[in-house]
Amino acid sequence: MSCGFQDKKHRLYIVSALADTKVDMKILSQRLGLGKGGVRMAPEENLRQVLQVPLGCVTPFALFNESASAVSLLLDQGLKSKQSCYFHPLTNDVTIALSSSNLDKFLLSIGKQPAYVDLEASPVVGKDNPPDLADLVPSGAFCSSEESVENPTPKDAPQVNVPKEKTCLPEVKAKPKVQNKGAESSESKVLTNNGPNVEIFASDVLEVIFPLFLSEASKKLNIKQEELTQILKLDDFKRRAAPDLESV
């Protein structure tokens, strides 16, 4: 289970925990050193602009987006004891199962250091005991859509009414439509001008999923993985599954 939170400076956090882990947000705020403001549920508009996912779809995979590079991820240490961890791949229509080690590989591949935390701990925080999770607070701050930037206008300059714009949060750009598939360039397969490549991401996800699938299926069916690969024609199956995942 993953949830999105923000502090009073609009810095965003993803907390991913086991369903039975009890997280006291007041204690967590103290451990992060956030003072009275603490953390609260992030509004959907900020989730869409930064993580590029709606409510109910928050996931560590959202950190793949460049707009989420400054988001902090806190992982329940209980995830490391589980054979599989379950997360949504940017949509709650699908759930992906992977081990904590494979999750770590994904996070490291996008430049994120995995941070596993005892979310149920309640250490004393005070003058002689600094917040133990302060290092996980993101640097900088996001501006919410409710805030605007006021630019001073010289006295002699003509007065122009300019509509207020949402600032600081990155704009989400739609994937451009291609009229001629034959003329489709590599740039058209990119979410934004400098964004992540969808095909590479889908390929990486499938490379994680299928070995796990083969391992579990071969055990239950009592068939060698090599034989199961031939029966299922796994390469063809991957090719058929890739476009669906890219579309998601």
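**Close-up views of a predicted model**

**View A. Strand 4 and strand 7 in the sheet.** Strand 4 (72–76) and strand 7 (116–117) run parallel and are joined by 2 bridges; strands are DSSP E runs of at least two residues, helices are H or I runs of at least four, both numbered from the N terminus. Leu75 stands opposite Tyr116 in strand 7. The open sheet holds 5 strands in the order 3-1-2-4-7, with mixed pairing (two strands pair if DSSP finds at least two bridges between them). Strand 3 and strand 7 are its edge strands, each pairing on one side only. The model is predicted: local features need pLDDT of at least 70, side-chain atom pairs count only at pLDDT 80 or more, and totals for chains, interfaces and linings use all residues. Residues are numbered from 1 along each chain as its sequence is written, and side-chain values use heavy atoms, with hydrogens and water left out.

**View B. The buried face of helix 1 (residues 25–32).** Leu28, Ser29, Arg31 and Leu32 are buried (under 20% relative accessible area, 1.4 Å probe, protein chains only). The buried residues of helix 1 line one face, because they fall within an arc of 160° seen down the axis (directions from the helix axis to the C-beta atoms). Their cover includes strand 2 (12–16), strand 3 (39–41), strand 4 and strand 7 (contact means heavy atoms within 4.5 Å).

**View C. The residue after helix 1.** Gly33 follows helix 1 and has a positive phi, near 75°.

**View D. Helix 2 (residues 44–51).** Its buried residues are Asn46, Leu47, Gln49, Val50 and Leu51. They pack against strand 1 (2–7) and strand 2. Gln52 follows helix 2, with a positive phi near 65°.

Conventions: Buried means under 20% relative accessible area, exposed over 50%, partly exposed in between (1.4 Å probe, protein chains only).
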